[in-house]
Amino acid sequence: MQHHVEESAKGGHNELFWYGLFAAGGVLTAFVVPIHVLINNLAAPLGLVPVETIGYERMARLVAHPLVKVYLFALIALGLFHWAHRFRYVLIDLGVMGARELIAVLAYGSAIAGTVIGAILLLRVT
Amino acid sequence: MIEAPPELKLYRRPMARAWWLKNRRYTLYMLREISSVFIGVWIVLFLVQLAQLGSGREAYQGFVAGFLRSPIVIILNLAIFVFVMVHSITWNQLTGVIQVVRIGDRELPSRYVAGGAFATWLVASLVIAAVMLAA
């Protein structure tokens, strides 16, 4: 019995850690993602604002700035952990009960992988 | 000492897969949760864009012209936009419910806290737009 209690307490501690990342990602993405999608993925590609807005020179210059790198890293990392945590519970809501641990490992694992890839890609732009 | 049975059998009430289509509140709840998937998809698209940016001018320009400007990707991005708006609206509303702000010994009403979150969203959006659109 003691074993079970300890295990669930440990799980609770981990859960709080992932929840913290989920919540931080929820806040940051709620404030900034819509405008990024609007300018970067809709207005500029459609020509509603000059397409040079997301042109090579501008983007390379922006991303080369250390502060922009830090900001984009936080956005990528926290955004991915937000996805991972919420998506895990969507699958449980939809009745995927069997592979709970595997789903958690895959979800948080993808977020960690994406974070590392994001860091590498950001550092590559100089 | 009482030993716990090696495997506890839990009863789970059977639940229809499509339970979230049964009423409007459940459907809105599910749309809110699904918004996270679109945030994930946007980040992946952005990572691809960053990869192209790091690969040089030609690769990047090809990505913008051939991928970002293609109609199917524009449609995908419209869907992404709708869902990230769902996320922002619902998240900022919930901030008002969850986050307790005290001034002295009084609690700030939740609508003011939510209002602050919406105001922050607006200011952050204006700053990013200014940085991206500045000549």
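Two residues are in contact if their C-beta atoms, placed from the backbone, lie within 7 Å. Take A:Ala84 as a quick example: leaving aside residues up to four places away in sequence, it touches A:Ala107, A:Tyr108, A:Ser110 and A:Ala111. Keep in mind that this is a predicted model.

**Chain A**

- Chain A is built from four helices and zero strands, so its pattern from the N terminus on is simply α-α-α-α.
- The C-alpha atoms of chain A fill a box of roughly 65 × 30 × 20 Å along the principal axes.
- Chain A has a radius of gyration of 19 Å, while a compact globule of 126 residues would come out near 14 Å.
- Of those 126 residues, 34% count as buried.
- Now look at contacts in chain A between residues at least 6 apart in sequence: 73% of them join residues at least 24 apart.

- The average pLDDT of chain A is 90, and 90% of the residues score at least 70.
- Watch out for residues 1-10 of chain A, though, where the pLDDT is below 50. Beyond near neighbours in sequence, this stretch has three contacts in the model.

**Chain B**

- Chain B has four helices and two strands, and reading along the sequence gives you α-α-α-β-β-α.
- The radius of gyration of chain B is 22 Å, well over the 14 Å that the globule rule gives for 135 residues, so chain B is more spread out than a compact globule.
- Along its principal axes, the C-alpha trace of chain B spans about 70 × 50 × 40 Å.
- Buried residues make up 20% of the 135 residues in chain B.
- Among contacts in chain B between residues at least 6 apart in sequence, 44% join residues at least 24 apart.

**A closer look at H1(B)**

- H1(B) is 31 residues long and reaches 45 Å from its first C-alpha to its last, close to the 45 Å expected at 1.5 Å a residue.
- Its buried residues include B:Phe38, B:Ile39, B:Trp42, B:Ile43, B:Phe46 and B:Leu50. You'll also find B:Ser35, B:Ser36, B:Gln49 and B:Gln52 among the buried residues of H1(B).
- After H1(B) comes B:Gly56, whose phi is positive, near 110 degrees.

**Where the chains meet**

- 44 residues of chain A are in contact with 42 residues of chain B.
- On the chain A side, the elements giving two or more residues are helix H1 (2-46), helix H2 (56-64), helix H3 (66-93) and helix H4 (100-124). H1(A) gives the most, with 17 residues.
- Sorted by class, that side of chain A has 30 nonpolar, eleven polar and three charged residues.

**The largest nonpolar core**

- This core has 45 residues, and the ones touching the most other members are A:Leu80, A:Phe81, A:Ala84, B:Ile39, B:Trp42 and B:Val84. So A:Ala84 from the opening example turns up again here.
- Which elements give two or more residues to this core? They are H1, H3 and H4 of chain A, together with helix H1 (24-54), helix H2 (57-68), helix H3 (71-98) and helix H4 (110-133) of chain B.
- H1(A) supplies the largest share of the core, eleven residues.
- In soluble globular proteins, nonpolar side chains tend to be buried together.

Definitions and conventions: Residues numbered from 1 in each chain as written. Chains lettered and ligands numbered in written order. Predicted model: local features only at pLDDT ≥ 70, side-chain atom pairs only at ≥ 80, totals over all residues. Nonpolar A, V, L, I, M, F, W, Y, C, P; charged D, E, K, R; others polar. Core = buried A, V, L, I, M, F, W, Y, C linked by C-beta atoms within 7 Å. Buried ≥ 20, exposed ≤ 12 C-beta atoms within 10 Å, placed from the backbone. Rg over C-alpha atoms; globule rule 2.2 N^0.38 Å. Expected span 1.5 Å × (residues − 1). pLDDT = per-residue confidence, 0-100.
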